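My entries follow in the order in which I looked things up.

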Amino acid sequence: MVLVLDGWRIDVPSRRAERGPRSVVLSPRAIRLVQVFAEAPGETFSRDTLLNRVWPEVTVSDESLTQVVSELRRKLDNRQLVATIPRGGYRLAAPLLREAGASGTTTRAEGLVSSIDAYALCLEARSCLGRAYEGALRDFTALASQAVALAPDDGETRALYAMALLKRHIYWSEGTGLIDSALIEAKAAIRRAPDHAEGYLATGAAQIAVGRKAAGQREIAKALSLARGDAQLHLEAAIHVMAAGNHRSAAALAVRAADLDSASFTGDLLAARYLERQDPARARIHAERALRKIRAELEVDPTALRALYGLGPLLAQLGDAQGAGAMLDSLPHQNSPLEYYRALGFARLGDVSSALERIDFLLSRGWRGFFSIDADEGFRPVRQSARFRRLQRELMSA
């Protein structure tokens, strides 16, 4: 029996788990715990049930179970892998799949569920990410994971989960070590849906994140050829192409995203930032468009967090220092990657100390998005800071 869990390929008889170049050996009790979870994916097991199933006919203390759960989390490099349910026990927080046949295809460990439920979970996951509240990235990943558990053979679902893992890797501490899993899920998405763009996008983005920039851009080009009218895909592509250092193409993709979705401010906001270095006049046009759209959105929903956080840096880019300062001071402090925009706003106002304070905060949460700072003209004062260069070196050597 071979099980696939959080990107790890677990050979049950040998008790060996492999993910990319890494290989670990699990204890017999840890393997048995995984097998119990595999019998009912997604279910919560009480501590008594697990004690009886993992140690049949043997009396052990609760501490024995705690140690085995801790072993799984530690050796499989994910503290959130086994969720502790208050007064309930434990539940596996990632999809558990069973590898079948020589082809290496996977199926859900047990049972069949209508794909409409998986599709609904994907919609809910995207909604969480769009609302950008504290914990949204965690919820996005959890919902995408649940969708994969329900529909492991669906390419769109696997691609969404791959992108969720990648975003956690780049933007928040819970993503430590998830890049290999993101690549595995992205490639699985392409095998299941070779004509679906998001699998190629996720593959390309993950390759860029590990330094394979040319290969990553080729995969993203495949995604764009399959979804020339998808605004969100162009927006995501622009971000990752910029991460590869391709400023000109990233700017063009951001402009295309703005053209494809004229009601949304995000394409114009990104275009305003990416064009600023090469074409300041066009950058200002997109900045003004983004400002009108953000204000229109805030009239409808004054609590829209992405709009609120985007407004301060945008006002600063357009020369309204007083308005930008007031906006930055009024923002609620978020324990989330949105604090990047506060850092950008302070940098544009020349308050390097406050900008670095926000960058320090992001780094303390595992943020790895230095490519954004390198690409954005608004961060020029920060990039010239010796303290920033030291932080960047520390991150790159980590």
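Entry 1, charged network. I began with a group of charged residues and found that R273, E276, R348 and D376 are linked in a network of salt bridges. I note here that the model is a predicted one. Within this group I looked up the pair R348 and E276, whose closest N and O atoms are 2.8 Å apart. R348 belongs to helix 16 (residues 339–348) and E276 to the loop between helix 12 and helix 13, so the pair ties together parts that are 72 residues apart in sequence.

How many salt bridges does the count come to? I recorded 22. One of them joins D268 and K293, at 2.5 Å from N to O. Since D268 sits in helix 12 (residues 266–274) and K293 in helix 13 (residues 280–300), this pair ties together parts that are 25 residues apart in sequence. Both D268 and K293 are buried.

I also looked up the salt bridge between the side chains of D77 and R22, with an N to O distance of 3.4 Å. D77 is in the loop between helix 3 (62–75) and strand 6 (82–85), and R22 is in strand 4 (residues 22–25), so the parts tied together are 55 residues apart in sequence. Are these two side chains buried, exposed or partly exposed? D77 is partly exposed, at a relative accessible area of 27%, and R22 is partly exposed as well, at 36%.

I turned to the largest nonpolar core and noted 135 residues in it, with I10, L76, I359 and F379 having the most contacts inside it. Helix 6 (residues 155–171) gives the most to this core, namely nine residues.

I traced an open sheet of three strands in the order 5-7-6, paired antiparallel. Strand 5 (44–45) and strand 6 are the edge strands, each pairing on one side only. Strand 6 pairs with strand 7 (residues 89–92) over four bridges in the antiparallel sense, and I85 has G89 in strand 7 as its bridge partner. Finally, I noted that helix 1 (residues 28–39) lies across strand 5, strand 6 and strand 7, and runs at about 75 degrees to strand 7.

Technical notes: Residues are numbered from 1 along each chain as its sequence is written. This is a predicted model: local features need pLDDT of at least 70, side-chain atom pairs count only at pLDDT 80 or more; totals for chains, interfaces and linings use all residues. Side-chain values use heavy atoms; hydrogens and water are left out. A nonpolar core is a set of buried Ala, Val, Leu, Ile, Met, Phe, Trp, Tyr and Cys residues joined through side-chain atoms within 4.5 Å. Buried means under 20% relative accessible area, exposed over 50%, partly exposed in between (1.4 Å probe, protein chains only). Helices (H or I, at least four residues) and strands (E, at least two) are DSSP runs, numbered from the N terminus. A salt bridge is a side-chain nitrogen of Lys or Arg within 4 Å of a carboxyl oxygen of Asp or Glu. Two strands pair if DSSP finds at least two bridges between them. Contact means heavy atoms within 4.5 Å. Axes are lines fitted to C-alpha atoms, for helices over the stretch in contact, and angles run from 0 to 180 degrees between N-to-C directions.
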